[in-house]
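Here is a brisk report on one protein chain. Keep the sequence and the structure side by side while you read.

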Amino acid sequence: INEEIGPLIEGMNPLDNERIYKRSQLEINPRYQTGAWSSAMSAVDIALWDIAGKHYDEPVWRLLGGAQNPVGAYVTFGLKNFTREQLAEVAADFVSQGETRLKMKVGVNDASDLAEDEARVAAVRDAVGDDVELMVDANHEFSLNQAVRLCDRLEPYDIAWFEEPVYQNDADLLSKLRTRTSIPISAGQNEGTRYRHRELIENGAVDLVNPNVVYGGGYTESRKIAHLAQAYN
């Protein structure tokens, strides 16, 4: 940011976020690689939208179109180092505070103990009841066969979505998994740029895309990903 993007865009109009993004992409990242580039550009782009909000005296959500207000949020709470009892206690506490959507980790024992993953999900579902949305996230932990077996185990617990279940967000594996479970599949939080999300969508790999503005190019790029998701329902 300080040595490459900053000097390149200094003096440009900060309201021209599309122009700044395109110029930075072409000059610094012409091969459209992700990783360090997309993380750095995300930070710059978020700052540009913040400037725009201050300039127009409007919140960024309204500048983005204000399609939904308020926007539903969820709490990621179920970390691997929690015991079953701790998971249930923490989940119940969040629900008592008014939270209605919770996401927990699976793959607790290096993807080798699916029975324990099921037991942990069951403990949380029992603690929060049937009206709370419960999601699970593997952070690319499983092979296809492991993911299929875990989905079979988790079907009775009304899982809202299974996030990033297989190695490397492999689009082919994800699309195969989708045909073998009724649990919706999501992916994309660590992906940079719209092109990787397009690969997931066009391959029928996901039911939901979940871009993260911190990694995916800020609001400018993530808005394109949202529009792409709309176009593919």
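The text below goes from the overall fold to single residues.

**Basis**

This is a predicted model, in which local features need pLDDT of at least 70, side-chain atom pairs count only at pLDDT 80 or more, and totals for chains, interfaces and linings use all residues. Residues are numbered from 1 along each chain as its sequence is written, and side-chain values use heavy atoms, leaving out hydrogens and water.

**Overall fold**

The chain has 10 helices and six strands. Both are DSSP runs numbered from the N terminus: helices are H or I with at least four residues, strands are E with at least two. The C-alpha atoms fill a box of roughly 55 × 40 × 35 Å along the principal axes. Of the 233 residues, 42% count as buried. Buried means under 20% relative accessible area, exposed means over 50%, and partly exposed lies in between (1.4 Å probe, protein chains only). Among contacts with a separation of 6 or more, 66% come from residues 24 or more positions apart. Contact here means heavy atoms within 4.5 Å.

**The sheet**

Six strands form an open sheet in the order β1-β2-β3-β4-β5-β6, with parallel pairing. β1 and β6 (208-209) stand at the edges with a single partner strand each, so one side of each has no neighbour in the sheet. Two strands pair if DSSP finds at least two bridges between them.

Strand β4 (residues 159-163) is mostly covered, with four of its five residues buried. Strand β3 (residues 133-137) pairs with β4 in the parallel sense over three bridges. L134 has I159 of β4 as its bridge partner. On β4's pairing with strand β5 (residues 185-187), the sense is again parallel, over two bridges. There, E163 has S186 of β5 as its bridge partner.

Helices link these strands. From β4 the chain crosses through helix α8 (residues 171-178) to β5, in a right-handed β-α-β crossover. β3, helix α7 (residues 144-154) and β4 also make a right-handed β-α-β unit. Right-handed means that, with the strands pointing away from the viewer, the path from the first strand over the helix to the second runs clockwise.

S186 sits in strand β5. It is buried, at a relative accessible area of 1%. Beyond its neighbours within four places in sequence, S186 contacts residues including W161, F162, V206 and N210.

**Helix α5**

Helix α5 (residues 84-96) has 13 residues and reaches 18 Å from its first C-alpha to its last, close to the 18 Å expected at 1.5 Å a residue. The expected span is 1.5 Å times one less than the number of residues. Which residues of α5 are buried? They are L87, A88 and A91. These cover an arc of only 95 degrees around the axis, which puts them on the same side of α5. The arc is that of the directions from the helix axis to the C-beta atoms. Their cover includes β1 (75-78), β2 (101-105) and α6 (114-128). The face turned away from the buried side carries the exposed residues E85, E89 and S96.

**Nonpolar cores**

A nonpolar core is a set of buried Ala, Val, Leu, Ile, Met, Phe, Trp, Tyr and Cys residues joined through side-chain atoms within 4.5 Å. The largest has 38 residues, of which V121, F142 and F162 touch the most other members. The largest share of this core, six residues, comes from α7. A second, separate core of 11 residues includes I9, M12, Y21 and A40.

**Backbone details**

Most residues other than glycine have a negative phi, and most peptide bonds are trans.

| Residue | Phi |
|---|---|
| Y32 | about 55 degrees |
| H140 | about 65 degrees |
| G98 | about 105 degrees |

Y32 lies in the loop between α2 (17-28) and α3 (36-56). It is partly exposed, at 34% relative accessible area. H140 is found in the loop between β3 and α7. H140 is also partly exposed, at 26%.

The peptide bond from N69 to P70 is cis, with omega near 0 degrees. P70 is in the loop between α4 (60-63) and β1.
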